[in-house]
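Visitor: I have a model open and would like to learn how to read its features. Could you walk me through a few?

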Amino acid sequence: MRIMNGMTPYFSEQIKKHILLIEQDELVANQIILNLQTLNVHVSHCTHLAHADLQLTQDNIDLIIMERQLPDGDGIFLCQKISGKSNPTPCMLLTTHDSEADIVLGLDSGADDYITKPFSALEFRARVKALLRRCVNAAHSVNALAYNGIKINKQTREVIILEEVLTLTAREFDLLAYLATHPKQVFSRMQLLEAVWGYSHSGYEHTVNSHINRLRAKLPKQDGCADLVETVWGVGYKFSPPQNLLSNRH
């Protein structure tokens with residue numbers, strides 16, 4: 001495992017980010033590292049999922065860039081593990097699998113972006129910069145949202161509705177928090193895909209549908225909760241703040 005330091009500044013020294021690259025092909029890894037060096041970031045490189053898992057417990061990683069097909073398994077499994085944590089590390093998947101089903105599987109597993117090989121160096125750097133900007137913006141965003149009977153804490157990634165703590169995946173939390181940050185504003189599936197997943201390509205909007213359905217299934221069954229995430233037919237979804245969502249617990 002080695003650490004490379006960037007040379008040409010893109011992010012300032014005060015917010016220099018640490019990227020973990022998981023790629024078994026040394027030639028591909030070297031090319032990726034050369035591209036990342038232009039962004040003034042720290043890059044750690046490993047070739048196995050087991051090594052990556054250890055690295056994630058030892059260092060503060062801001063972004064994971066990971067090949068799917070690794071010697072000890074599919075990168076999607078690590079992606080799923082990370083997305084289930086309370087404060088997940090953003091992840092970009094690299095793969096030669098370019099079918100719509102593979103891309104949707106990658107996004108549904110919790111990946112923030114999915115890029116197929118071979119890819120443009122300019123596009124790759126642009127996507128990395130976009131993911132890192134999201135990290136910086138998240139650090140300066142409002143940490144807590146409160147509505148009648150609802151508390152959403154972005155820092156602890158905890159959602160409490162009617163005194164019940166919800167168990168959400170990372171992407172379900174991000175989706176709810178984004179909608180709740182913009183109450184009553186209607187977002188199309190493409191807008192949510194870009195804002196929450198950082199992915200703007202058409203054809204994958206149904207991954208938003210599946211996450212919305214899973215999120216709704218986890219909401220409390222009391223009256224008023226079912227309409228928190230509302231479908232606006234022909235347009236998309238919106239968060240409808242509750243008017244009289246009161247707990248009947250004593």
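**Cysteines and a helix pair**

Guide: Start with Cys46: at 3% relative accessibility, Cys46 counts as buried, where buried means under 20% relative accessible area, exposed over 50% and partly exposed in between, with a 1.4 Å probe and protein chains only. Keep in mind that this is a predicted model, where local features need pLDDT of at least 70, side-chain atom pairs count only at pLDDT 80 or more, and totals for chains, interfaces and linings use all residues. Residues are numbered from 1 along each chain as its sequence is written, and side-chain values use heavy atoms, with hydrogens and water left out.

Visitor: How many disulfides are there?

Guide: A disulfide is a covalent bond between the sulfur atoms of two cysteines. The cut-off is a pair of cysteine sulfur atoms within 2.5 Å, and the count here comes to 0 disulfides. Take Cys79: its closest cysteine sulfur, in Cys91, is 3.9 Å away, so that is too far for a bond. Cys79 is also buried, at a relative accessible area of 2%.

Visitor: And which residues of H7 meet H8?

Guide: Contact means heavy atoms within 4.5 Å. Helices are DSSP runs of H or I, at least four residues, and strands are runs of E, at least two, numbered from the N terminus. Arg189, Leu192, Leu193 and Trp197 in H7 (residues 189-197) meet Thr207, Val208, Asn209 and His211 in H8.
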